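Colleague: Thanks for making time today. Could we go through this one together, a few questions at a time?

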Amino acid sequence: MAETMDLIVGIDAGTSVMKAVAFTLAGRQIASASVRNTYTTGDDGSVTQSLDQTWLDCTRALRGLGEKVDNLAARTTAIAVTAQGDGTWLVGAGNRPVGDAWLWLDARAAPTVERLAASEADRQRFEATGTGLNTCQQGAQLAHMDRHCPDLIAGAETAMHCKDWLYLNLTGVRATDPSEVSFTFGNFRTRRYDGDVLAALGLTHLRRLLPEVIDGTEISHPLTAEAAAASGLKAGTPVCLGYVDMCMTALGAGVRSEGRNAACSAIGSTGVHLQAKAVADVVLNAERTGYVIALPIPDIVTQVQTNMGATINLDWLLQLGADLLGEFGVAASLTDMIGRVDQWFAMSKPGNVLYHPYISEAGERGPFVNARARANFTGLSSRHRYPDLVRAVVEGLGMATRDCYAAMGALPPELRISGGAARSASLRGTLAAALGAPVRVSTREEAGAAGASMMAAVAIGAYRTMDDCIADWVTPELGEAERPKPGDIDRMTRLFAAYSEVRRGIAPAWDILAAR
Ligand SMILES: Nc1ncnc2c1ncn2[C@@H]1O[C@H](COP(=O)(O)OP(=O)(O)O)[C@@H](O)[C@H]1O
Ligand SMILES: O=P(O)(O)OC[C@H](O)[C@H](O)CO
């Protein structure tokens with residue numbers, strides 16, 4: 001008897017973890033499998049990832065899912081893929097990689113960003129893309145490679161993003177999606193490439209590298225026989241190219257529900273803060289920062305500010321503690337340390353220590369862009385202990401979140417959150433206090449894979465519109481509102497005033513520290 005085709009498989013290729021997740025057509029997650037992602041960092045600020053290894057890891061995740069779900073191949077009606085955004089994944093003749101990908105964490109394009117952002121044409125580029133130039137983006141990285149790594153450009157036929165590379169391996173088709181196109185090389189109003197933006201980036205002569213744009217809610221391509229053999233899925237299964245993971249995660253976690261737009265933050269390695277809006281409601285800031293990222297819903301985009309690093313700050317402090325313990329023969333893994341965060345937070349009295357969470361080697365990108373920005377504690381005295389540092393870092397993530405929303409206009413009346421750190425009660429309370437608004441955590445475990453799979457659900461006609469799909473996949477998963485305590489709001493408001501003063505005042509010191 002023929003097996004019912006009742007599942008959608010979503011792939012989310014994150015910076016830390018590659019995931020493959022099976023959902024029913026109505027949005028129930030039935031299984032997931034993951035593989036740790038690997039990338040390499042260099043002293044020159046490079047952060048690179050092997051393209052071949054990424055595809056191999058994707059097939060391993062899909063095979064892992066196949067081991068958990070009976071008859072997965074026969075039951076899969078569609079596959080959808082999203083991934084970490086930005087970065088540059090160059091492909092040459094025969095669909096072979098040209099070197100390793102430059103990830104969004106790669107800092108090498110910093111001098112090119114400074115040069116381009118200072119040019120008169122950058123204003124027009126920002127008006128079109130709605131996106132401040134930073135080192136993460138492919139536009140800046142390609143412009144940098146064009147001057148400093150001509151061999152890479154000479155060997156390249158197509159410049160892709162991570163999900164595009166996986167889509168190429170799954171389907172044999174070179175393409176990209178409307179979200180990465182419009183915030184990198186295009187216009188968020190048209191969701192297409194824009195010649196003036198290419199000119200502002202000095203990339204008109206490299207137009208040949210940019211792939212065709214397809215919308216995964218409308219177009220899919222069949223899984224190739226080769227990809228089927230590698231992944232264990234069935235050749236011919238429709239594959240849908242999702243949008244970038246930032247907006248897929250937000251879609252899955254509740255950036256829109258019941259036909260209304262909302263605010264949603266993902267607090268993972270990076271901190272992404274999004275507000276869904278009609279295109280006409282987008283307000284671009286004078287500092288030219290943030291992103292405007294299209295949602296797979298006509299005329300609806302997300303206005304975004306994103307911190308370069310969120311939980312990498314916490315992990316840094318926790319790993320420091322683990323390293324010290326290790327020197328005394330006490331084995332503590334990062335996971336063990338993460339499990340104690342709420343305890344340490346509770347042990348420390350609410351105080352006046354500030355932490356600015358700019359621990360990334362690439363500096364900060366939201367709400368301000370400065371590749372030289374570095375983290376700092378302020379307000380320490382000899383009375384402070386490790387739990388006080390943990391509290392300061394958690395509260396620093398709350399401050400950075402407020403800083404980002406403040407740069408987008410009025411603070412949102414409710415915040416929906418996802419990402420690993422949403423598991424922490426102390427972080428949830430901190431975010432609520434920092435914004436003076438209730439937070440709601442989606443019970444959806446894999447929001448990014450869900451967001452991409454929702455696009456596939458619309459593409460195959462399981463739902464007429466994305467709002468219909470949201471009603472089944474997102475709204476029922478939204479948890480109860482957790483309200484801030486009034487006293488905490490007052491304290492965070494006071495600390496935020498100091499946080500803002502310090503971050504503005506310290507910038508000249510970053511320049512001195514960065515000078516060689
Ligand atoms: N219970 C917890 N308390 C505090 N932080 C946590 C907790 N669980 C996870 N985290 C943080 O979340 C991070 C992982 O977030 P995740 O969203 O999975 O990462 P990524 O963005 O790389 O996909 C961990 O490295 C850790 O810092
Ligand atoms: O890999 P994650 O942390 O889920 O997502 C990374 C973002 O896409 C990146 O920050 C874009 O610049």
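**Contacts, helices and cavities**

Modeller: Happy to, and please keep in mind that this is a predicted model. Leaving aside residues up to four places away in sequence, Ile153 touches Leu142, Met145, Asp146, Leu206, Arg208 and Leu209.

Colleague: Is Ile153 buried or exposed?

Modeller: Ile153 sits in helix 6, which covers residues 150–155. Its relative accessible area is 5%, and the cut-off for buried is under 20%. Ile153 is therefore buried.

Colleague: How far apart in space are Ile153 and Ile293, C-alpha to C-alpha?

Modeller: In sequence, 140 residues separate Ile153 and Ile293. In space, the C-alpha to C-alpha distance between Ile153 and Ile293 is 27 Å.

Colleague: How are helix 3 and helix 5 oriented to each other?

Modeller: The axes of helix 3 (residues 110–117) and helix 5 (residues 138–148) come within 9 Å and cross at roughly 105°. Angles of 65 to 115 degrees count as roughly perpendicular. So helix 3 relative to helix 5 is roughly perpendicular.

Colleague: Which residues of helix 5 does helix 3 meet, and how many charged residues does the contact have?

Modeller: From helix 3 come Pro111, Thr112, Val113, Arg115 and Leu116, and they meet Ala140, Ala143, His144, Arg147 and His148 of helix 5. By class, the contact of helix 3 with helix 5 has five nonpolar and three polar residues, and the charged ones number two.

Colleague: How many residues of helix 7 are buried, and which residue follows the helix?

Modeller: Helix 7 spans residues 162–171 and is mostly covered, with ten of its ten residues buried. Among them are Lys163, Asp164 and Trp165. The residue that follows helix 7 has a positive phi, near 80°, and is Gly172.

Colleague: Which strand gives the largest share of the lining of the largest cavity?

Modeller: The count comes to three cavities of 30 Å³ or more, and the largest has a volume of about 60 Å³. Of its 13 lining residues, the closest to the centre are Val283, Asn285, Thr289, Gln303 and Gln305. By class, this lining has seven nonpolar, six polar and no charged residues. The largest share, three residues, comes from strand 21.

Colleague: And how many charged residues are in the lining of the second largest cavity?

Modeller: About 40 Å³ of space lies in the second largest cavity. Its lining includes Asp164, Glu180, Phe185 and Tyr193. By class, the lining has five nonpolar and three polar residues, while the charged residues number two.

Terms used
Residues numbered from 1 in each chain as written. Chains lettered and ligands numbered in written order. Predicted model: local features only at pLDDT ≥ 70, side-chain atom pairs only at ≥ 80, totals over all residues. Heavy atoms only, no water. Buried < 20%, exposed > 50% of the residue type's maximum accessible area, 1.4 Å probe, protein only. Helix = DSSP H or I, 4+ residues; strand = E, 2+ residues; numbered from the N terminus. Axes fitted to C-alpha atoms, helices over the stretch in contact; angles between N-to-C directions. Parallel < 35°, antiparallel > 145°, perpendicular 65-115°, else oblique. Contact = heavy atoms within 4.5 Å. Nonpolar A, V, L, I, M, F, W, Y, C, P; charged D, E, K, R; others polar. 1 Å grid on protein atoms, 1.4 Å probe; cavity = no way out; pocket = protein on both sides within 12 Å on 5 of 7 lines; lining within 4 Å. Points joined across faces, edges and corners; volume = space filled by probe spheres on them.
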